[in-house]
Amino acid sequence: MCDNVRGCEAARPLRLAAGVANSLAMPLLSSDALVLRTYTLGETSKIVVLLTRERGKLRAVAKGARGRRSRYQSALEPLSEVKVTLYGRQATELYRLGQCELLRSAFPASRHGLDAALALSYFAELIDAFCPDGEAEDAVYRLATAVLAAAGEGRSAGMLSRYLEAWLLRLSGLYPPLDRCSGCGGALPGSGELRYHAAAHGFVCASCGPASGPILGAAVRALLLDVFRHPPSAVAEASAGEAELEAFQQELIGRHIERPLRSRRVLLDVASGAALAAEGRPGKRA
Ligand SMILES: [Zn+2]
């Protein structure tokens, strides 16, 4: 404890200044990254949640990012791909954003209509929910950028959503195998329906049944094989099994994520509003 309070107070700014100067001199990390979301910090700054290629998900303060003449401008829009330099101590919870150069904007994808724009919010929230802090996962980064590129080409927002869900679940070890019974470990038939059994956390063979369900039809199975074998730009645009697959994957996601995703709720509200409008009835407002 210092008994010369004024002396300590006077010395502190100098020490802080030296610390800031040191941390500014040498970036801790330079990496390609996707902007997942931002939130405001005080009057002028933002906190940016980034999925970096080198260090996985992390948070950084973007000083002055809310100002009209911010040097970051559109680089901090959700799902922009950027090259960032970050300052701060190793394994800190909050870095400081230095340079942030825009490599690819998500704007071209959002121009393909409301569904595409809503899907982008969903992609960002889903990736955020599946990525733990500070764990680099190059496969997730490559998945996200491939899905964004396909969205920019105007590929179906629904199919890209199913693609991203399927792969995030699989990369997290949460997708049950399609070719092996989760009850006895034996091979599943190579075609036909897939019978999910909740107690086994997977698809089961006929002798391990009866399955609790859902039962995924042959069209869903074909769609899943398509998803797991091809890049998102090469998956069929429309599939009979998409709605069935969506319901199944939402169930798997719901078990993994505690809170329902906000963007998912918006998507459902817009879809039900559009359905009501098509029937000539006004949409119910929440
Ligand atoms: Zn079995």
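Author: A residue counts as buried if 20 or more other C-beta atoms lie within 10 Å of its own, as exposed if 12 or fewer do, and as partly exposed in between, with C-beta atoms placed from the backbone. This is a predicted model, in which local features need pLDDT of at least 70 and side-chain atom pairs count only at pLDDT 80 or more, while totals for chains, interfaces and linings use all residues. Residues are numbered from 1 along each chain as its sequence is written.

Reader: Which residues of H7 are buried?

Author: Helices (H or I, at least four residues) and strands (E, at least two) are DSSP runs, numbered from the N terminus, and helix H7 covers residues 242-256. On its other side, Ala 243, Ala 247, Glu 251, Gly 254 and Arg 255 are exposed. The buried residues of H7 are Leu 245, Phe 248, Gln 249 and Ile 253.

Reader: How many bridges join E1 to E2?

Author: Two strands pair if DSSP finds at least two bridges between them. Strands E1 and E2 (residues 45-52) run antiparallel, with Ala 33 opposite Thr 52 in E2, and in their hairpin Gly 42 takes a positive phi near 65°. The number of bridges joining E1 to E2 is eight.

Conventions. Expected span 1.5 Å × (residues − 1).
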